[in-house]
Each structure stands twice: as structure tokens, then as C-alpha cells.
Amino acid sequence: MKLPWRKDVAPAERVLLLAAVACLLATVTNLVPLSAGLALPAVLAPFLLVRRRTVPRITAALALLLGYFFVWTVIYDPASLAEYAFFRRDGNVFITYAPLLFLSLLHLDLRLDSLVRAFLYVAGALNVVFLGIYAVTGGTIFFYEEGIYHFLFHAHNAAGGFLAVTTAMSAGYFYATREGRFLLLTATNFLGLLAADSRGSMLGLLMALGIVFVLRGRFMRTAVLAMIVVQLAGVVALHRISSPEIFLRDYPGELDFEGGAFDALPRVHTVALRALYLWPRAWHLFQASPLVGTGFGSYNDLPLALEGMPPLYRTNQPDIVVHSDAHAHHTFLHVLAETGVLGLGLLIGFLVQARRFILSIRLPALRYAFELVLWVNIVSSFTEHRLFTPSQMLPFVILLGLAVANREFERLRAQRAVLLAGDMPAPVLLPAPRAVITA
């Protein structure tokens with residue numbers, strides 16, 4: 001693969017770009033310590049923020065969101081910040097968005113289009129190889145579940161989320177370039193998505209294609225508002241018919257907190273679990289503390305023990321803090337429950353700024369690819385917790401961070417060009433010489 005930097009790039013910048021490329025390629029697996037490697041230098045982000053006179057709006061919105069979540073974590077359970085399980089489960093938003101926060105504070109000169117193309121080729125080729133293995137053996141060497149394709153991920157929904165992202169990016173590139181290779185990648189990635197049987201990912205992809213290619217920016221606010229109103233009405237109704245004795249105490253059945261908290265349940269029951277147990281509890285927590293929520297990471301700490309000053313605020317005060325993937329399976333409800341209207345407002349503000357930046361990208365292929373992926377992530381988060389999930393989000397946030405860093409480089413170069421032009425002396429205009437007529 002041709003590395004995406006130019007010949008005159010500084011050595012330190014090459015190291016950063018090489019690290020970003022390595023992490024991007026590592027997103028094809030569940031090996032989060034590799035794919036989220038940029039979370040380590042992201043600890044420098046606060047210092048970079050202080051040194052910058054101006055920051056991109058998307059960076060400022062993300063910094064406010066993560067800062068609010070961090071403060072809430074310190075208040076609710078500061079010991080969580082020293083636990084790997086927290087960052088892998090309840091606090092995965094930090095490792096998921098750390099690459100975007102860090103990269104967007106840099107100025108990087110790179111060929112982003114070449115990098116995106118190379119990533120799609122590598123991920124698509126691996127998917128074809130493991131689809132072939134799955135067709136022959138029923139598994140993918142590393143994982144086996146009858147009738148379910150896992151690609152290189154432990155959970156089929158993780159595989160589905162990743163393949164939904166690569167399918168969306170391939171579709172965006174094909175729409176803009178009409179190159180047959182991207183049509184082939186779209187088809188094979190979508191075949192992998194179907195084999196993974198990830199319903200939330202498929203819904204997100206199909207809705208994203210409709211929003212970007214059918215609505216084309218028209219009735220956007222109406223469509224989003226309609227989705228919110230329908231879901232909100234449904235959640236309120238489900239909360240009324242649900243029994244607090246069921247969803248406020250402990251999980252139904254014997255579930256493993258340390259691993260996949262819902263792995264013990266048959267898939268046919270997951271819809272009922274969301275409707276009658278997970279979503280109503282999120283709404284209950286929101287009602288208990290509507291402005292700031294009941295504490296970041298508090299949703300799955302059962303039994304609930306809410307204390308505070310109702311109706312202003314109440315926080316969960318559990319005997320044991322649990323780090324598991326037993327979330328609300330609805331990102332927006334989950335954020336509303338744990339961090340209130342303030343947290344949800346910051347999340348929506350970040351998504352708005354992300355979309356505005358994406359729509360400002362000049363290269364059509366990148367613009368369509370990023371916009372499709374953004375909507376895949378948003379829509380799938382109405383039935384899953386995908387906006388904070390590393391397997392689905394890391395490819396997108398790494399590339400988006402590089403896009404912001406590249407935009408900042410171009411902006412800085414343009415400013416320097418203006419300054420240099422201002423320092424140059426004005427040209428001296430001499431009168432034109434008279435014509436000489438000879439006999």
C-alpha cells in the first residue's frame with residue numbers, strides 16, 4: 001500500500017500518519033488495543049487545546065462532550081478511570097473518539113483519498129477471503145456460530161457494524177466515481193453484512209442510503225424529527241405498561257456481567273428485552289434526573305439506588321459498580337438516562353458539527369462516503385449503542401480526524417501564502433515603450 005504522505009513531510013508527522021494507518025487497518029478485528037492505539041497520544045489533547053488559538057468547531061463540540069462525560073465519571077466513580085474494563089465497556093466513548101479529538105488538533109499533509117481507497121481494498125479483500133472460508137466451513141477459523149458470519153470479530157453485531165460502514169463507504173465512492181471496483185466492494189461487503197445477520201446494522205445502512213440518495217438533504221429536519229417523535233412516543237408508552245419491579249432490580253435470567261451480558265438470551269427475545277426492560281429503565285432514569293442524568297456509567301449498576309433532590313436531580317448510589325455491555329441498546333436513550341438533557345444536547349451538537357464538516361468536503365467521493373457512514377451510525381443507534389462502539393466507529397473517526405487535520409493544514413498553508421504575499425513589495429509599473437518607426 002502506498003503510504004499517504006508526501007516527500008517533504010517531517011519525520012514526526014510521518015510517525016503519526018503511520019500510527020494512524022496502522023490503527024485504521026487494525027479496525028478489521030476486535031483487537032481494540034491495536035485499533036484504538038491513538039487513544040494513548042490523545043492524552044496530550046488538553047495541552048494541544050490550550051496552545052491552539054482557534055480550533056475547528058467539530059473539535060470544540062467533541063471536547064465539550066467528552067469533557068462533560070469525564071467530569072461525570074469523576075463525580076460518579078473516579079476509580080473507573082484506572083480500570084481497563086471501564087474503557088472497554090461503559091466508557092468506550094473515550095477510546096472511540098480519542099483519535100478524532102487528537103488528530104483534529106494537528107496539521108497533517110496527506111493524500112486522504114488514497115488512504116480511504118487502500119483501506120476499502122484491504123478490508124474488502126479480507127471480507128471476501130473469510131466469506132469464502134465461511135461458505136466452506138460454516139465458520140471463520142477464529143469464530144464459529146451456526147448460520148452466523150463473524151468475519152474477524154467476536155460478536156456478530158460488531159462484524160455487522162464494521163461491514164455496514166465499509167459497505168456505506170464503498171457505495172459512496174461508487175456513486176461519485178462510477179468505478180466498477182467500488183460496486184464490487186459494495187456488493188461483497190453487503191453480502192458479508194447479510195451473513196452477519198446484524199439487524200440494526202442493516203436497518204442503519206438502508207435508512208442511510210435513503211436519506212442521502214433519496215431525500216438528498218430535503219425534508220431532513222422533518223425526517224429526523226419524525227424519527228424522534230415516533231420513538232419517544234413508543235418509549236413513553238412502553239414505560240407505562242412496564243413493571244418497575246422488573247426493570248429496576250436485576251436482569252431477567254442468569255446473565256454474565258463480565259462478558260456479553262445478553263449472550264444468554266435467545267435472539268428472538270431481544271426485541272422484547274429492549275421494549276419492556278431496557279428502554280423503559282432508561283426513561284425512568286431520565287425522569288428521575290432530567291437535567292444531568294443519574295451518573296455516567298450508572299445505567300447498568302443494579303439494583304438502582306437513586307438518591308438526591310427530586311425533582312431536580314438524583315444519582316445512582318449502587319453497592320457495586322459494574323462494567324459490562326448491558327447498556328440501553330439505544331445510544332440516545334442511554335445518554336439521556338446517564339447524563340440528562342445536557343449530555344444529549346452536547347451529543348447532538350457534536351453530530352451537527354460533524355455533518356457540517358462532512359458536507360464542506362470538496363471531494364465528492366469522500367463527502368458521500370462520510371455522510372453515508374454518519375447516517376449509518378446515527379440510525380443504527382436508535383436500536384443499538386453504536387455511536388460509542390469501537391468496532392463500528394473507529395474506522396470512521398480515524399478517517400474523519402485525518403480529514404480535519406488535512407483541512408487544518410490547508411487552512412494554515414493558505415494563511416501563510418497570504419502573509420507572504422503581504423510582505424512582498426508591490427510591483428513597479430513602468431510606462432510602455434513607444435513604438436519606433438523606421439523608414
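Here is a walk through this protein chain, from the overall picture down to single residues.

First, some ground rules: this is a predicted model, in which local features need pLDDT of at least 70, side-chain atom pairs count only at pLDDT 80 or more, and totals for chains, interfaces and linings use all residues. Residues are numbered from 1 along each chain as its sequence is written, and side-chain values use heavy atoms, with hydrogens and water left out.

Let's start with confidence. The pLDDT (the predictor's confidence in each residue, from 0 to 100) averages 88 over the protein chain, and 89% of the residues score at least 70. Helix 9 (residues 180–196) has the highest confidence, with a mean of 98, while helix 12 (residues 244–247) has the lowest, at 70. Helices here are DSSP runs of H or I with at least four residues, strands are runs of E with at least two, and both are numbered from the N terminus. Over residues 253–265 the pLDDT stays under 50, and there the model has 26 contacts beyond four places in sequence; a contact means heavy atoms within 4.5 Å. Where pLDDT is low, the predicted coordinates should not be read in detail.

Now the overall build. The protein chain has 16 helices and 2 strands. Of its 439 residues, 51% are buried, where buried means under 20% relative accessible area, exposed over 50%, and partly exposed in between (1.4 Å probe, protein chains only). Among contacts between residues at least 6 apart in sequence, 73% join residues at least 24 apart.

Next, a pair of helices. The axes of helix 9 and helix 10 (residues 199–215) come within 8 Å and cross at roughly 145 degrees; such axes are lines fitted to C-alpha atoms over the stretch in contact, with angles running from 0 to 180 degrees between N-to-C directions. Helix 9 brings Phe190, Leu193 and Leu194 to the contact, and helix 10 brings Ser201, Met202 and Leu205.

Thr339 sits in helix 14 (residues 331–359). Thr339 counts as buried because its relative accessible area is 1%. Leaving out residues up to four places away in sequence, Thr339 touches Tyr68, Phe69, Trp72, Leu291, Val292, Gly293, Phe296 and Leu344. A polar atom of the Thr339 side chain also lies 2.7 Å from the backbone oxygen of Val335.

Another threonine, Thr389, is in the loop between helix 15 (364–380) and helix 16 (390–423). A polar atom of its side chain lies 2.7 Å from the backbone oxygen of His385. Beyond its neighbours within four places in sequence, Thr389 is in contact with Asn92, Thr96 and Leu394. Further along, helix 16 holds Leu412, which counts as partly exposed because its relative accessibility is 22%. Leu412 and His107 are 305 residues apart along the chain, yet their C-alpha atoms are separated by 7.9 Å.

Finally, have a look at some loops. The one between helix 7 (112–137) and helix 8 (156–177) holds Ile141, and Phe151 is also found between helix 7 and helix 8. Neither is a glycine, but phi is positive in Ile141, near 70 degrees, and in Phe151, about 55 degrees. Ile141 counts as exposed because its relative accessibility is 66%, whereas Phe151 is buried because its relative accessible area is 0%. In the loop between helix 13 (270–288) and strand 1 (306–309) you'll find Pro303; the peptide bond from Leu302 to Pro303 is cis, with omega near -5 degrees.

How values were computed
Polar contact = N/O pair within 3.5 Å; in protein donor to acceptor, adjacent residues only side chain to side chain.
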